[in-house]
Amino acid sequence: MLPIAARSATVRRLRPVKTSGQEELVAVAELHQADAVFQGGGVKGIALVGALLAFADQGWTEWVSVAGTSAGSIVAGFLGCGYAPADLEKILRTTPYAEFEDFGPGGKFVGGGINLVGHHGLAHGEAFHEWFADMIENQTFGDVAKRGKTLKMIAADITQKEMLVLPDDLPNYLDPKTKQPIVIDTFKVADAVRMSMSIPFFFQPVEVTHAASGKSSTIVDGGMLSNFPVWLFDVDDRAPERPTFGFRLYGGKSMTPGGLHSMMQRVAWPVAFGWDMFGTAMEAWDKRFMSHSTRVRTCPISAEGVGTVDFNISDADQTKLLESGERAGQDFLAGFRLEDYFNTYGKKLEPAPVAVS
């Protein structure tokens with residue numbers, strides 16, 4: 001991979017423009033804005049950052065609207081809170097992944113088993129939550145908006161049987177302190193990300209009070225319903241101002257934690273069965289219904305055999321994922337043309353007039 005210092009160089013690209021009624025390709029350096037949607041995939045999400053580095057090398061340096069599910073919401077959260085891809089590479093190299101397995105005393109088999117029975121998840125999820133909140137300095141969605149960015153993520157309310165787009169749907173729930181509907185601008189990004197990455201049976205779900213019913217709702221990983229919401233920023237009433245790129249992971253191992261699957265099949269087969277169903281939901285739905293408009297703007301990234309919950313990932317595997325993402329980004333951009341772009345509604349980018357000298 002290129003050294004971080006080399007990634008900030010300005011790269012000239014081509015964009016279509018209209019001059020005298022004709023469309024031409026004019027080299028411009030200032031066209032660098034795009035939106036991005038990131039698929040979930042647990043630890044495999046490291047590869048998403050590699051792809052972002054490749055995009056930065058080609059001049060795509062400003063991500064205006066960002067969204068994701070599960071691990072994708074983590075990457076989107078960092079970008080929305082002001083981090084650059086090169087920053088994320090540094091962070092990932094020092095992230096204490098193993099500490100996110102906060103099973104408690106007795107490890108995954110004892111502490112995790114107790115948590116699973118009592119709280120519906122092996123790990124508490126607080127170690128990750130505290131780490132992420134600290135990394136983004138407890139920023140709120142209001143802070144993101146002040147930066148001129150849009151940040152969204154997907155979660156699932158399995159009590160109300162609804163897919164949630166956060167932060168849009170947050171006012172449907174009550175703030176535990178005020179007992180009033182949640183105010184989006186003051187809601188912490190880390191709290192929303194914690195909802196989106198609550199992998200069923202692995203991390204404890206988040207409980208919030210549903211405003212209309214007054215009952216507690218259980219919020220889990222959005223990958224159950226849409227693990228790759230590339231459609232999220234599409235509109236049908238006008239041409240898009242900038243492209244939305246999707247970053248999709250494929251491959252990798254089963255999401256069941258190492259050493260647990262065979263035990264679960266014998267002792268707690270419903271949990272193993274549930275894990276397998278969730279893993280299928282994460283992969284199959286969005287893959288089956290990928291349209292041509294989705295493929296045109298989606299960068300597929302190999303997970304290189306890494307598992308969703310491989311939190312004891314080695315430095316070598318981290319490097320493998322980053323390099324896989326970077327290769328995928330390079331390959332995608334080598335064949336991408338702005339004039340071929342269109343969204344879910346068939347809307348193509350409207351070329352902006354640029355003076356040609």
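**Cavities, pocket and core of the predicted model**

The second largest cavity is lined by Leu164, Leu166, Leu170, Tyr173, Ile182, Met195, Val208 and Ile219. Its volume is about 40 Å³. The lining has eight nonpolar residues, no polar ones and no charged ones. Here Ala, Val, Leu, Ile, Met, Phe, Trp, Tyr, Cys and Pro are nonpolar, Asp, Glu, Lys and Arg are charged, and the others, Gly among them, are polar. The model is predicted, with local features needing pLDDT of at least 70 and side-chain atom pairs pLDDT 80 or more, while totals for chains, interfaces and linings use all residues. Numbering runs from 1 along each chain as its sequence is written, and side-chain values use heavy atoms, without hydrogens or water.

In total, the structure holds three cavities of 30 Å³ or more. On a 1 Å grid over the protein atoms alone, a cavity is a set of points where a 1.4 Å probe fits but cannot get out; a pocket is an open set with protein on both sides within 12 Å along at least five of seven lines; lining residues have an atom within 4 Å of a point. Points are joined across faces, edges and corners, and volume is the space filled by probe spheres set on them.

The largest cavity contains about 320 Å³ of space. It is lined by 22 residues, with Gly42, Ala71, Ile74, Tyr97 and Phe128 closest to its centre. Of the lining residues, 18 are nonpolar and four polar, and none is charged. The most come from α2, with four residues.

The largest pocket holds about 610 Å³. Its lining comprises 25 residues; Pro176, Phe187, Asp191, Met195 and Val208 lie nearest the centre. Met195 and Val208 also line the second largest cavity. At least two residues each come from α4 (107–119), α5 (126–135), α7 (189–196) and β10 (206–210). Strand β10 gives the most, with four.

The chain has eleven helices and 13 strands, taken as DSSP runs numbered from the N terminus (helices H or I, at least four residues; strands E, at least two). Of its 357 residues, 53% are buried (buried, under 20% relative accessible area; exposed, over 50%; partly exposed, in between; 1.4 Å probe, protein chains only).

The largest nonpolar core has 75 residues, and Trp63, Phe132 and Phe247 touch the most other members. Helix α1 gives the most to this core, with seven residues. Another core of six residues lies apart, including Val37, Ala67, Ile154 and Phe233. A core joins buried Ala, Val, Leu, Ile, Met, Phe, Trp, Tyr and Cys through side-chain atoms within 4.5 Å. Beyond neighbours within four places in sequence, Phe247 is in contact (heavy atoms within 4.5 Å) with residues including Phe38, Leu48, Phe55, Trp63, Phe228 and Ile301.

Most residues other than glycine have a negative phi, and most peptide bonds are trans. A cis bond joins Leu166 and Pro167, with omega about 10°. Pro167 sits in the loop between β7 (162–166) and β8 (173–174). His120 has a positive phi near 65°. The loop between α4 and β5 (121–123) holds His120. Glu137 also has a positive phi, about 55°. Its loop runs between α5 and α6 (141–146). Glu137 is exposed, at 66% relative accessibility.
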